[in-house]
Amino acid sequence: MSADATFLTVDGLRLVAERSGNTVVNDVSFDVKRGEFLAIVGESGSGKTMAARAILGLLPPGIRHAGGHITMDGTELLTLAPEPLRKLRGATIGMVFQEPMVSLNPAMRIGAQMAEGLKLHTSLSELQIRERILAMLARVQIRDPQRCIDAWPHEFSGGMRQRIMLASVMLLKPALLIADEPTTALDTLTQGEVLDLMTELAREQGTAVLLITHNLGLVARYAKRVVVLCKGERVEMGATDQVLRAPIHAYTRQLVDALPRRSPTIARTGTPMPLIEARQLSVSFATPKRGWLGRSGTHVAVDAVDLTVHAGETVAVVGGSGSGKTTLGRAMLRLVPASGGEVVFKGQPVAPRGAALHDFRLACQLVFQDPYSSLNPRQRIGDAVHEPLRLVPGMSSAQRDARVAEVLDEVGLSGFGKRFPHELSGGQRQRVAIARAIVRRPAFVVADEPVSALDMSIQAQVLALFQSLQKTHGFACLFISHDLAAVEQIADRVVVIEAGRIVEQGTRDAVFDAPQHAYTRALLAAAPVL
Amino acid sequence: MKLRANALIGGVLIGAVLVVALIAALWTPYDPLAIDLMSKLKAPSAAHWLGTDEFGRDVASRAMAGAASSGFIALFTVVGAVLLGTVVGVLAGFVRGWTDRLLMAVNDALLAFPGILLALAVMVIIGASRVGLVIALTLAYAPSVVRVVRGTVLSLREKEYVEASRMIGNPEWVTMVRHVLPNCIAPVAVLATSMFGWVLLSESALSFLGLGVAPPAPTWGNMLSGARSYLESAVWLGLAPGLCIALTLLGINLAGDALRDRLDPRMP
Amino acid sequence: MLAYIARRVAMTLPTLLLVALAVFVLMRLIPGDPVLLMLGDSADATQLAEARRQLGLDQPLPLQFVHWLGQVLTGDFGNSISNSQPVLPLILERFQVSASIVLVAVLIAALIAVPAGLIAAWKQNQPLDVMIVGGATLLLSVPSFWLGLLLLLGFGMKLGWLPVVGYVPLTEDLGQGLLYIVLPIVTLALIETGVLTRMSRASAIEVLRLEYVTHARAKGSPESQVLLRHVLPNAFAPTLTLIGLVLGHLLGGIAVLETVFTLPGLGRLLVDAIFARDYPVVQGVLLFTALIYVVINLLVDLCYPLFDPRVAAQ
């Protein structure tokens with residue numbers, strides 16, 4: 001059998017949702033060759049996860065197979081009896097899932113979970129199994145494999161759990177590895193590490209990889225071939241460079257265009273005034289006491305940071321998870337008490353409470369990250385946008401209504417006033433969040449990972465909206481993100497933060513083209529871009 | 001499919017009981033208290049749909065009056081428990097700190113007494129009366145509401161829209177009333193439905209033991225108690241009130257399930 | 001682990017103290033003069049004053065509480081007004097009767113309910129599930145005292161298989177004793193099966209949705225292994241909590257069932273004492289019941305780490 005032999009063929013697959021009758025996957029065909037890295041790309045609702053799950057017969061209740069074939073080495077998988085199918089799972093085809101926090105059984109030790117697969121499919125002795133597990137854990141760079149075997153899942157971070165999951169699946173040396181959005185829940189740096197590891201392991205063992213993702217950047221970096229799905233249908237398939245450089249289908253072109261690109265530097269006239277400054281700002285939290293008599297520790301989240309944002313400019317704060325960037329943003333807005341330093345707004349220090357704080361609140365706002373939890377589910381969109389105006393003195397009721405209508409129009413949601421959040425999509429909800437933030441025409445907006453939870457094409461739309469609003473209204477913005485690609489498009493200056501300290505700052509071009517600090521370089525290297 | 005059957009059967013049962021209770025408040029075929037020794041212990045017939053008891057009283061009328069009586073007691077109790085429990089729960093969950101710890105310590109202590117026992121204890125102090133029963137049962141069941149409300153408030157506090165409300169500049173109490181409270185309604189509604197059933201059962205049990213509504217005023221519980229001596233000789237006396245309780249509880253449970261299923265996916 | 005145990009035990013102490021305080025306050029709120037009750041109307045002022053001094057009732061309230069608490073902690077629950085016997089031994093004797101029934105009934109119920117709920121969740125929305133849920137809902141809608149009466153009527157009176165009144169301790173005569181407690185146990189077991197099945201099913205449904213269950217299947221685990229090794233340990237915890245709550249409440253005496261089956265249990269002791277105005281007994285039973293509840297929940301909490309290792313780490 002040649003190395004390029006086709007290993008798995010999906011032919012005209014059709015999947016239907018039982019209750020609604022909707023077609024989830026419609027006549028999708030693709031094939032996977034031995035040892036190759038194939039990516040299936042699509043946004044939410046494209047059917048990519050369902051198509052992958054159908055291969056292993058793991059469709060959730062409510063979705064059923066309505067047509068097509070899946071053949072592996074001549075065997076028809078969709079009609080396979082439960083027992084032979086079970087033998088296939090894990091040993092021939094392995095699967096890695098998305099959410100590291102729930103992908104490992106919290107009530108079973110790591111060693112026991114990893115051994116399960118080996119016990120089911122091989123007849124190795126306990127000792128041999130243990131040896132293999134230790135070797136694999138070391139291979140995925142888990143620091144203390146001996147201790148890891150007896151440890152519980154909750155003792156490990158998201159990134160480590162994904163590595164353990166990977167080790168667990170690759171132990172069985174499957175011929176095909178299906179990875180369903182394995183790094184979506186991780187930050188950029190960890191994402192890169194896990195995927196690099198996956199690619200290496202696969203290459204070593206000759207395992208084919210089927211990567212399901214919505215991130216074109218990752219596809220560009222790792223996959224040799226790509227299949228593009230849109231609303232359950234295959235719209236394009238081919239070699240990655242080909243598809244990304246010269247996309248044929250309109251949807252693919254839309255996706256490629258949605259990749260954030262560096263926009264030309266905006267020329268600024270005159271010397272801008274510093275609008276808001278953090279001076280030696282520190283934030284520390286007390287770590288919870290252990291027991292009644294235990295001592296409480298302190299965790300320093302932000303360590304004596306000096307940061308200035310000028311009127312009208314966008315400063316991006318970048319860092320990995322736990323770097324303190326979110327805390328910094330909230331501390332500058334006085335949402336989180338600072339343990340040292342001060343925040344100066346328009347030349348006046350902002351006190352933690354009192355009338356000055358109230359005026360400060362009127363002029364500064366926050367756009368939250370999670371479109372699903374930043375809006376009160378029982379409040380209509382119009383009321384949510386109207387609420388901040390209640391606290392503005394001197395506005396009549398009619399003026400308030402007019403402003404709400406104006407702002408909703410600006411974000412492209414005119415006429416949505418009477419709707420509830422659950423009737424809107426993620427992207428639309430984020431627009432509402434932005435509308436709510438700018439309704440009082442603030443001078444300063446902090447955007448905390450505003451697009452991280454959105455699909456790629458929606459991300460582009462929302463970022464573009466943000467930029468146009470900034471151009472119209474001229475507010476200054478502190479843009480917090482771990483996604484360097486988004487930052488590249490929108491930022492004037494970039495500040496890199498690690499472990500609560502600023503390690504590098506400068507203009508966007510300077511930081512992106514000539515990074516000085518090792519951490520910045522690592523972040524840039526890990527960012528998947530074209 | 002299954003959910004709609006739930007709601008349907010539950011709704012029908014509860015609806016029937018409600019209608020009967022409301023009617024009974026205004027009219028019953030016979031006076032529930034009217035003694036007629038000439039017709040004592042008669043089996044069900046056209047004249048007396050559910051027969052008569054040892055005093056010749058019409059069982060059907062007494063059952064209807066019992067529905068009204070138990071129904072109102074349960075209703076006032078649930079309303080009282082929900083109001084009291086919500087206020088305390090929101091306070092504890094929102095304010096936190098020492099207020100929370102104190103309130104929860106008292107709450108846990110109250111929860112350590114089984115509902116009936118606490119009600120009993122309070123009844124001993126206040127004395128047997130309908131009002132006393134309502135107060136006793138309210139105190140016995142409010143702690144459950146406090147627990148649920150506090151739990152919900154604690155989880156809601158972490159939601160970004162609560163932080164957003166502060167961000168806008170709303171004072172704490174506005175955030176609490178406008179954003180937290182309305183989102184507590186769903187879990188409290190589900191609890192209140194189940195609670196109605198528990199209270200009904202507790203009241204029946206207390207009356208059965210002779211510590212609730214005292215005879216001759218009829219309630220399903222004390223009717224069952226009176227039926228014990230005639231268990232074999234006058235079966236209808238034992239069957240009727242028990243069946244009433246069982247059917248009502250079944251209705252409440254089914255409707256509660258349907259309510260939970262409907263509210264769950266919408267819950268934030 | 002030891003730290004977890006110590007912490008949990010320490011956390012119950014304030015609750016216990018508050019419970020004792022609640023009982024004390026409750027009893028002091030009862031209208032009427034306890035000495036008058038004890039000595040009757042014929043006693044004169046000096047006798048009453050002397051009795052009051054003896055019982056320590058002339059002391060300020062906080063002192064009385066401390067004094068009373070001290071007595072309680074040494075096992076002195078006072079004496080019954082009805083028969084001047086010490087209260088605690090009486091409570092313990094009656095408790096044995098109630099406890100034997102409750103423990104066996106809940107055990108039977110749990111043994112049926114946990115697997116039933118698991119299977120119902122596994123076959124969610126299919127006919128088997130609907131039947132199990134329907135059955136469980138029916139069972140828990142039936143009032144225990146009515147079910148008891150019906151079973152008594154059927155098996156006791158009509159069929160004559162089982163005795164209708166009375167009680168014989170198992171320690172005296174196993175065979176006879178069993179006959180007397182079969183019906184109450186069956187009644188209680190039936191109802192609690194309904195309650196526990198629903199909870200077991202609900203938490204199993206939650207767990208079945210989680211990714212590690214799909215992952216286990218993806219590894220090629222047979223369904224039985226998935227259910228037993230992955231679903232059950234994780235789904236059991238909420239059911240365990242409920243079992244604890246149920247036990248805690250029931251061990252306080254199943255007054256209604258004891259009345260129906262004329263068993264000398266703790267619940268009936270309380271009811272009789274209330275009617276007889278025997279307040280030391282009432283006070284003792286309330287305190288004892290609450291104590292049992294707290295202890296049972298503590299034991300349940302201590303079992304948690306067996307099912308959820310995350311708990312011990314907190």
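Biologist: What should I know before I start?

Modeller: This is a predicted model, where local features need pLDDT of at least 70, side-chain atom pairs count only at pLDDT 80 or more, and totals for chains, interfaces and linings use all residues. Residues are numbered from 1 along each chain as its sequence is written, while chains are lettered from A and ligands numbered from 1 in the order in which they are written.

Biologist: How many helices and strands does chain B have?

Modeller: Start with the definition: helices (H or I, at least four residues) and strands (E, at least two) are DSSP runs, numbered from the N terminus. Chain B has 10 helices and 0 strands. Along the sequence its pattern reads α-α-α-α-α-α-α-α-α-α. The C-alpha atoms of chain B fill a box of roughly 75 × 50 × 30 Å along the principal axes.

Biologist: What share of the residues in chain B is buried?

Modeller: A residue is buried if 20 or more other C-beta atoms lie within 10 Å of its own, exposed if 12 or fewer, and partly exposed in between, with C-beta atoms placed from the backbone. In chain B, buried residues make up 56% of the 268 residues.

Biologist: How do I read contacts between chains?

Modeller: Two residues are in contact if their C-beta atoms, placed from the backbone, lie within 7 Å. Take chains B and A. Their contact uses 14 residues from chain B and 18 residues from chain A. Helix α6 (residues 160-168) of chain B gives the most to the chain B side, with 7 residues.

Biologist: Which classes of residue make up the side of chain B that touches chain A?

Modeller: Classes first. Ala, Val, Leu, Ile, Met, Phe, Trp, Tyr, Cys and Pro count as nonpolar, Asp, Glu, Lys and Arg as charged, and the others, Gly among them, as polar. The side of chain B that touches chain A has 6 nonpolar, 3 polar and 5 charged residues.

Biologist: And how many residues join chain C to chain B?

Modeller: Here 34 residues of chain C are in contact with 31 residues of chain B. On the chain C side, α1(C) has the largest share, 7 residues. That side divides into 26 nonpolar, 8 polar and no charged residues.

Biologist: How do I read a sheet?

Modeller: Strands of a sheet pair through backbone hydrogen bonds, either parallel or antiparallel. Two strands pair if DSSP finds at least two bridges between them. Chain A has an open sheet of 6 strands, in the order β6-β7-β8-β3-β9-β10, with mixed pairing. Its edge strands are β6 (93-96) and β10 (233-239) of chain A, and each pairs on one side only.

Biologist: How many bridges join β7 to β8 in chain A?

Modeller: There are 5 bridges between strand β7 (residues 176-180) and strand β8 (residues 208-213) of chain A, and the two run parallel. Asp180(A) stands opposite Ile212(A) in β8(A).

Biologist: What describes a pair of packed helices?

Modeller: Two packed helices are described by the angle between their axes and the distance between the axes. Axes are lines fitted to C-alpha atoms, for helices over the stretch in contact, and angles run from 0 to 180 degrees between N-to-C directions. In chain B, helix α3 (residues 97-111) and helix α5 (residues 130-157) have axes that come within 9 Å and cross at roughly 135°. That makes α3(B) oblique to α5(B). Angles under 35 degrees count as roughly parallel, over 145 as roughly antiparallel, 65 to 115 as roughly perpendicular and the rest as oblique.

Biologist: Is that crossing left-handed or right-handed?

Modeller: A crossing is left-handed if the near helix is turned anticlockwise from the far one by less than a right angle, and right-handed if clockwise. α3(B) passes α5(B) in a left-handed crossing. Asn107(B), Leu110(B) and Leu111(B) of α3(B) meet Pro143(B), Val146(B) and Arg147(B) of α5(B).

Biologist: Which way do α5(C) and α8(C) cross?

Modeller: Their crossing is right-handed. Helix α5 (residues 87-122) and helix α8 (residues 174-208) of chain C pack at about 35°, with axes 6 Å apart. Their contact has 24 nonpolar, 5 polar and 2 charged residues.

Biologist: What about phi?

Modeller: Most residues other than glycine have a negative phi. Lys173(A) has a positive phi of about 50° although it is not a glycine. Lys173(A) sits in the loop between α6 (158-170) and β7 of chain A. Lys173(A) is partly exposed, with 16 other C-beta atoms within 10 Å.

Biologist: Where is Arg441(A) found?

Modeller: Arg441(A) lies in the loop between α15 (426-438) and β17 (444-448) of chain A. Its phi is near 50°, a positive value in a residue other than glycine. Arg441(A) is partly exposed, with 14 other C-beta atoms within 10 Å.
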